[in-house]
Amino acid sequence: MSEHEYTPKSKAGKWFNDRLPLLTLGAHLTDYPTPKNLNYWWTFGGILTFCLITQIVTGIVLAMHYVAHADLAFASVEHIMRDVNYGWLIRYIHSNGASMFFLAVYIHIFRSLFYGSYKSPREVIWIIGLMIYLLMMAAAFMGYVLPWGQMSFWGATVITNLFSAIPLVGDSITTWLWGAYSVDNPTLNRFFSLHYLIPFLILGLVVLHIWALHVPGNNNPVGIDIKKPSKDTVPFHPYITIKDAFALLVFMIIFAGFVFFTPNVLGHSDNYIPANPLVTPAHIVPEWYLLPFYAILRSVPDKLGGVILMFSAIFILFVLPWLDTSKVRSAVFRPIYRQFFWILVIDVLMLGYVGAMPAEGVYLVLARVGTIYYFLHFIVVMPVVGYLEKTDPIPMSISEPVLTGGAEPSLARKVDDKV
Amino acid sequence: MIKSNIKLFVLSFFILVSLRPLQSAEMADPIKVDWSFKGLTGTFDRASLQRGFQVYKEVCASCHSMQYLSYRNLGEPGGPEFSEQEVKAIAASFEIEDGPDSQGEMFTRPGKPSDKFKSPYPNVQAATAANGGAYPPDMSVLVKARKGGANYIYSVLVGYEDPPPGVTLDEGVYYNKYMAGNKIKMPNNLMDGLVEYADGTESTVDQMAKDVTTFLAWAAEPELEERHKTGVKVIIYLVLLTILVYLSMKKIWSRVDSEV
């Protein structure tokens, strides 16, 4: 890495940098050698950073006007929408921003799955990323409760009640979470407090995520280790910054489309009805980004079983680097795994779809099939395919791709030579 | 290979999405109305908003509250845009409870533009008790709070019918084909010629239903016109900036032998 050679030119810069090497860090970030073949799926890291900052900035402004009280929360949201200058814009950016954040994180995660970015030596990046994802789900869930509409209230009731499935201490834990004997004002208060806290925890983890990334450097679509810096890399600035900026702008156009032209399409209309503990909505559904897990939860007839399976669906991802036995990272060179990857994508989308439907009839069957396949993919398919699969030849370097037609076999190498 | 995978993937996704749930037999799909406020540049029909306010005031307001709106909203841009005098007169036509005064007494006074819309009942319980056990919902955000939005509200207003043979209704329950379960506790309050429109428009049931729905759509989303206008500007700005950044990117990346 080149930052060791960096010395500030000015005397003041040198004085400061000797005491706190911020300028060295800046130089490292600009020079950071990045594979030159990164495709647009790699731009979502930058997009996610933008999403986090957007949520924090809009959220801080919303918190200046929002009132976390069961009797006043709904009215304070309407106050933001009607009386606060551009309050409607700030709130719609924040509420749609959550959806855009999850859209980006799902693309980011599936990109990692396709190109094997979770594999050695990047396991820690992957695990920190999953921790961020878990915190995002917690923050989003609590944020959805804050407007204190019908879905807020009943969503909170359903999710907190999951903990009552824990044997012996379940009910005590649920009461402790609520701060009352049902979802009530104390619950709303603590959810607001935690909703404000979690984004800053995420921010800290994002720093660690990027730090851990900068140790081995980026994976790339070919999935091979590269020398850094070399003719396979480009400096982060201006090459990657401009490319990330372009992708971010395209993303922002879609984002703006939601905010300005269909701001409520991703939410549930019931959440514009004030919370009423005496009236249960016909169908209680979470926000779209939690639906696959909701489908897994409801696919099990037993409550505790459903809860265990739902949490397992997330925690199994933590051991993914050790379930995948293939020595090749990128699915580009894995003809069999690649098929299973797309089946998994379809499976998760299907689970999301049935999660929005009533848990009965064909939907319940689909939810069960989808749940079984989800776990089979990680527990059986990944280890077995990785072991048996005959992978395609992988290139020596990014600059020397495998030639089609087998003209120059010397440019390609077999996996066995690699490790 | 990847291309065929993507095709398979897209195909399965559409098959999945087309598996729509069977529509409940007890509820008709709302009528699709071509509202002026639909679409990317949609705006409210000013005259319709003013007429809609009249229907709300003379018909709906006797049972339904609209607690998040203020009289001043009626004169703001993007709404019915009544003149300042008209807004003052509308507000003054309501007796608003205020206080306590320096003697500790509550008193009533004529309304001011800054007052919130006066509710017909002091609280939810009173409203429920006075309406046969069914609370007439607050109408401030009603259009956003119902699946189907403005189409649904309009459909319910014109959806009253005699019950089909074999369906018996309790006292105070009415048959409406757009309501879930086809039963509604709100009577059919609209009849031809019920209100006398100031602008001379004929007050048919359909006209009143459209006007009051337009008014409710504005009440739920008073920012709609500004949102649409700002949105168009924002998108144009972003598209232009995207093109500039794209061209810069192409130029910068032309220095290396890699595609971008």
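1. Two residues are taken to be in contact if their C-beta atoms, placed from the backbone, lie within 7 Å. Helices (H or I, at least four residues) and strands (E, at least two) are DSSP runs, numbered from the N terminus. A residue is buried if 20 or more other C-beta atoms lie within 10 Å of its own, exposed if 12 or fewer, and partly exposed in between, with C-beta atoms placed from the backbone.

2. This is a predicted model, in which local features need pLDDT of at least 70, side-chain atom pairs count only at pLDDT 80 or more, and totals for chains, interfaces and linings use all residues. Residues are numbered from 1 along each chain as its sequence is written, while chains are lettered from A and ligands numbered from 1 in the order in which they are written.

3. Where pLDDT is low, the predicted coordinates should not be read in detail.

4. Along the principal axes, the C-alpha atoms of chain A fill a box of roughly 75 × 60 × 45 Å. The secondary structure of chain A comprises 16 helices and four strands, and buried residues account for 39% of its 419 residues. Of the contacts in chain A between residues at least 6 apart in sequence, 74% join residues at least 24 apart.

5. Chain A is divided into domain 1 (29-283) and domain 2 (285-400 + 410-419), with bounds from an automatic or database domain assignment. The C-alpha centres of the two domains of chain A lie 22 Å apart. Their contact takes 36 residues from domain 1 of chain A and 28 residues from domain 2 of chain A. On the domain 1 side, helix 5 (87-115) and helix 6 (123-145) of chain A are the elements that give two or more residues; helix 6 of chain A provides the largest share, eight residues.

6. The contact between the chains takes 36 residues from chain B and 32 residues from chain A. Helix 1 (2-18) and helix 7 (224-253) of chain B are the elements giving two or more residues to the chain B side, and helix 7 of chain B gives the most, with 16 residues.

7. Within chain B, helix 5 (residues 149-158) is mostly covered, since nine of its 10 residues are buried. Among these buried residues are B:Y152, B:I153 and B:Y154. The buried residues of helix 5 of chain B pack against helix 6 (205-220) of chain B.

8. A:L248 lies in helix 10 (residues 236-261) of chain A. A:L248 is buried because 20 other C-beta atoms lie within 10 Å. Leaving aside neighbours within four places in sequence, A:L248 is in contact with A:G46, A:I47 and A:F50. The C-alpha atoms of A:L248 and A:W288, 40 residues apart along the chain, are separated by 22 Å.
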